[in-house]
Amino acid sequence: MRVHGEVSDDEAAAAGEPVPLSPPPAPAGQQRLVVGYALTKKKVKSFLQPKLLALARKKGIHFVSIDETRPLSEQGPFDIILHKLTSKEWEQVLEDYREEHPEVTVLDPPNAIQHLHNRQSMLQEVADLNLSNGYGEVCTPRQLVIMKDPSSIPDAVAKAGLTLPLVAKPLVVDGTSKSHELSLAYVEASLPSLDPPLVLQEFVNHGGILFKVYIVGETIRVVRRFSLPDVNTYDLGNNDGIFRFPRVSCATNNAEDADVDPCIAELPPTPLLEKLGKELRRRLLDSFLFNESLGRNPLFGLDLWIAYSHFCVAAKGYGKMPGYEHIFTDFLLSLVQSKYKRLLSGS
């Protein structure tokens, strides 16, 4: 990444380029929070929007581009490092930096990113909850992981007792468009044409609507989106191939104002979401996926849909959250406040 000259944060973000390395001083009486970021150009353009940067400045938060060509220890000082790079070299650089600077919060630690990007491991976290209350039961679709040899898929599916049709998803979500593609397989004969490594999940009719649930610290945000349509008897008898869908529930498939069945469109009960978020947060923290500087506030997301009075869940990331500017800047400030409280208490 190159160091920029005199260019505004808004112009840099609009061009998909890094923000300047020398943030202006914070307003008088306001503490400055420095967030170093290491993101791809695509992520810079989609995440560091002018609206976020402007709001962050008002709150004393300044985003500074990390130069990957220079030692990380020679840059900063940073209060927080925000990154989405996954190369082994970068992971080692970050781990070394965390050992030297334990006071710096890293969003997210490399081991946490690997876990959250793996559909199998995250879905297992949900399945292990066995969560239910007066509002309903939370479950996950039955699944099977195929690592290689597509010719073995039909036998593996039969052995696992999965029922067609099946949704096929790439095992790892790495930010590429391909990792977000879904395939729907109606018949056994089509299964060898799938491309491992992947996760196969039983398809559950859910009215063509799902809910994006974003959990940022203690904040929960829910957005209604269109999903895959229901499958009927005619579909099962007249489709014998693999149907591929690029990005089914992306932001352009907003269903907030859609005229759909109220039973399907009604948002999940808040108490249920709060309990789900609390339990998942606890499991992630108890498994040491998030470092102490994160306090008790990991960031993650879920896809949730209603089927037969059950709430079905699949794990997701927290990107593309509508209105994320206020929630994310408040989250950054809460991290630093929590860190200072722990320092004052000596814990």
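In this predicted model, A168 has L200 in β10 as its bridge partner. This pair belongs to the contact between strand β8, residues 166-170, and strand β10, residues 198-202, which run side by side in the antiparallel sense and are joined over five bridges.

These two strands are part of an open sheet of five strands, arranged in the order β7-β10-β8-β9-β13 with antiparallel pairing. The edges of the sheet are formed by β7 (143-146) and β13 (242-245), each of which pairs on one side only. On average, and with direction ignored, neighbouring strands of this sheet are turned by 25° against each other. Helix α7, which covers residues 153-160, lies across β7, β8 and β10, and the helix runs at about 150° to β7.

Another pairing, this one parallel, links strand β1, residues 33-38, with β2, again over five bridges. Within this pairing, the bridge partner of G36 is V64 in β2. In general, strands of a sheet pair through backbone hydrogen bonds, and the pairing may be parallel or antiparallel. The table sets the two pairings side by side.

| Strands | Sense | Bridges | A bridge pair |
|---|---|---|---|
| β8 (residues 166-170) and β10 (residues 198-202) | antiparallel | five bridges | A168 and L200 |
| β1 (residues 33-38) and β2 | parallel | five bridges | G36 and V64 |

Strand β2 itself, which spans residues 61-65, is mostly covered, with five of its five residues buried. In a regular strand the side chains alternate between the two faces of the sheet. For β2, both faces are covered: I61, F63 and S65 are buried on one side, while H62 and V64 are buried on the other.

A further residue to look at is H83, which lies in strand β3, residues 80-83. Is H83 buried or exposed? Its relative accessibility is 1%, and H83 therefore counts as buried, since the limit for that class is under 20%. The side chain of H83 also makes a polar contact with the side chain of W90, at 3.0 Å.

Taken as a whole, the chain contains eleven helices and 15 strands, and of its 347 residues 49% count as buried. Among the contacts between residues at least 6 apart in sequence, 72% join residues at least 24 apart.

Note on methods: Residues numbered from 1 in each chain as written. Predicted model: local features only at pLDDT ≥ 70, side-chain atom pairs only at ≥ 80, totals over all residues. Heavy atoms only, no water. Helix = DSSP H or I, 4+ residues; strand = E, 2+ residues; numbered from the N terminus. Buried < 20%, exposed > 50% of the residue type's maximum accessible area, 1.4 Å probe, protein only. Contact = heavy atoms within 4.5 Å. Pairing = 2+ DSSP bridges. Axes fitted to C-alpha atoms, helices over the stretch in contact; angles between N-to-C directions. Polar contact = N/O pair within 3.5 Å; in protein donor to acceptor, adjacent residues only side chain to side chain.
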